Amino acid sequence: NLLWYTSATGGSSLSLMPPLPTSVSGETTFYVSQAPNGCEGPRVPVSVTVLPAPAPPLVPQPTVLLYQG
């Protein structure tokens, strides 16, 4: 039974990991704890890094060769 948080202390737990903010690059830290028998353990940080989108590939112009004959 994992409990997810957006802060190291306080706040309300979520049963699922919060949505990842993928529209902007950067690092976000979530916190997760476990409560196997109703007794919650310490929160552990989980860092997620969203990298910027890579540049689109450069497609070279095709070369057309014409032969006479």
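# A three-stranded chain in questions and answers

Me: How many helices and strands are there in the chain?
Reply: This is a predicted model, where local features need pLDDT of at least 70, side-chain atom pairs count only at pLDDT 80 or more, and totals for chains, interfaces and linings use all residues. Residues are numbered from 1 along each chain as its sequence is written, and side-chain values use heavy atoms, leaving out hydrogens and water. Helices (H or I, at least four residues) and strands (E, at least two) are DSSP runs, numbered from the N terminus. The chain has 0 helices and 3 strands.

Me: What pattern does the chain follow along the sequence, and what is the order of the strands in the sheet?
Reply: Along the sequence the pattern reads β-β-β. Two strands pair if DSSP finds at least two bridges between them. The pairing is antiparallel, and the open sheet has the order β1-β2-β3.

Me: Why is one side of β1 and of β3 left without a neighbour in the sheet?
Reply: β1 covers 2-5 and β3 covers 44-50. Both stand at the edges, so each has a single partner strand. From one strand to the next, the twist averages 30° (axes are lines fitted to C-alpha atoms, and angles run from 0 to 180 degrees between N-to-C directions). The reason asked for is the single partner strand.

Me: Is S33 buried or exposed?
Reply: S33 is found in strand β2. Buried means under 20% relative accessible area, exposed over 50%, and partly exposed in between (1.4 Å probe, protein chains only). The relative accessible area of S33 is 3%, so S33 is buried.

Me: Which side chain does a polar contact of 2.5 Å join to S33?
Reply: Contact means heavy atoms within 4.5 Å. Leaving aside neighbours within four places in sequence, S33 is in contact with residues including L3, E40 and R43. A polar contact is a pair of N or O atoms within 3.5 Å; within protein, one must be able to donate a hydrogen and the other to accept it, and residues adjacent in sequence count only if both atoms are side-chain atoms. The partner at 2.5 Å is E40.

Me: What separates the C-alpha atoms of A8 and A55?
Reply: A8 is found in the loop between β1 and β2. A8 is partly exposed, with a relative accessible area of 42%. Leaving aside neighbours within four places in sequence, A8 is in contact with Y31 and R43. A8 and A55 are 47 residues apart along the chain, and their C-alpha atoms are separated by 35 Å.

Me: What radius of gyration does the chain have?
Reply: The C-alpha atoms fill a box of roughly 85 × 20 × 15 Å along the principal axes. Of the 69 residues, 16% count as buried. The radius of gyration is taken over C-alpha atoms, and the globule rule is 2.2 Å times the number of residues to the power 0.38. A compact globule of 69 residues would have a value near 11 Å, but the chain has 24 Å.
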